[in-house]
Amino acid sequence: MTRSLRTLALIALTCVLLSVVIGSTAAYRLLGESLHATRSEAAEQLIEVLAAQIADWVKTQQHALGRLATSSELAAVLTAPDRPEARLRKAEELRRAFPAALRLSVLPPASPSTAGATHTVSCLVLAERLLRENGAFAMVLHAAADGGRHLDLIQPVHTGGADTPPSGLILASLDGRLLQERVERLLPKHSTLTVQQPNSSGGTLIVATAGTLPQHNGLAVTRPIAHTPWEVTLWRLAETAGPPPGEKIIYAALLLLAVLIPVLGTIYVHLAIGRAIDHDLKSVARIFQDVRHGNMRVDYPMELAESRK
């Protein structure tokens, strides 16, 4: 059977490519557990950074509101006899100085009321509850009964020093789209990022979310966000873990086969070329011998197509 050097070279190349495919697949499956662990660790580090950046944004808003609470004019309004109209005027002035707020109210400390407030009753009830329960003036998502959603931020006003009970408080409601836009800017590629807040019924409220990756088919990590009752969850593309123990033997055998294929292929091509050249050299020698004796044959068999030409 006549063969060409090109055919033998293609056989060698096919062996190499087949070895690469089989070896890569087997190695990826065998190393899947370590790859999964590495990517999980990377996701853990990334969620820490994202949670810190969201917490910094909240802290920036809290500090901006805190600077307004140090105003001497505000202290005068709160320490003077109760004048709702004066609080309304001061609240409007502070709102202009704090443009992130949709609404802003200056309230007495004991029992926030609708007098002198620009907020709804439900917002004032929330402010009173937060003030009474834990004194933690964190930013919270307020989902009102009418379907409205905003971020409420409470800042106590201490006219007699930080160690004294508050003389009043500032209640500011921020547009939730501010946080939504920030979450969208922070969103990593091929991920979903969600900020959620526990509610009183034991469930969660979605504060902000970005990305469209299915949450049930991926690696998920969650971290609390400082200065808030929130937590942030990062979903990333599902990673392939290692194969079951019984399959590891199969993939180890495939990996060994991937090593043997190019070795055996190289040996075969080397021996085939050697035999073909040896055969064709003998045929060429026979030609010269027949020419010398004047006994030419009809055909002289050649193993290599290049020799036949």
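Is Val106 buried or exposed at 0% relative accessibility? In this predicted model, Val106 counts as buried because its relative accessibility is 0%. Val106 is placed in strand S1, which covers residues 101-107. Gln155 lies 49 residues away from Val106 along the chain, and the C-alpha atoms of the two residues are 9.7 Å apart.

The largest nonpolar core has 43 residues. Within this core, the members that touch the most other members are Phe98, Leu104, Leu151, Leu174, Leu179 and Trp230. Helix H2 (residues 32-68) supplies the largest share of the core, with 11 residues. When residues up to four places away in sequence are not counted, the contacts of Leu179 are Ile54, Trp57, Leu151, Val207, Ala208 and Trp230.

Eight salt bridges are found in a search of the whole structure. One of them joins Arg223 to Glu44, with 2.1 Å between the closest N and O atoms. Glu44 is partly exposed because its relative accessible area is 29%, a value between the 20% and 50% cut-offs. Glu44 and Arg223 also belong to a network of salt bridges that includes Glu48.

A salt bridge is also formed by the side chains of Glu92 and Arg96, at an N to O distance of 3.6 Å. Both residues lie in helix H4 (residues 84-97), and because they are four residues apart, about one helical turn separates them. Glu92 has a relative accessibility of 33% and therefore counts as partly exposed, whereas Arg96, with a relative accessible area of 56%, is exposed.

Arg177 and Asp175 form a further salt bridge, in which the closest N and O atoms are 2.7 Å apart. The two partners fall into separate accessibility classes: Arg177 is exposed, its relative accessible area being 58%, while Asp175 is buried, with a value of 17%. Asp175 is placed in the buried class because buried means under 20% relative accessible area.

Methods: Residues numbered from 1 in each chain as written. Predicted model: local features only at pLDDT ≥ 70, side-chain atom pairs only at ≥ 80, totals over all residues. Heavy atoms only, no water. Helix = DSSP H or I, 4+ residues; strand = E, 2+ residues; numbered from the N terminus. Buried < 20%, exposed > 50% of the residue type's maximum accessible area, 1.4 Å probe, protein only. Core = buried A, V, L, I, M, F, W, Y, C linked by side-chain atoms within 4.5 Å. Contact = heavy atoms within 4.5 Å. Salt bridge = Lys/Arg side-chain N within 4 Å of Asp/Glu carboxyl O.
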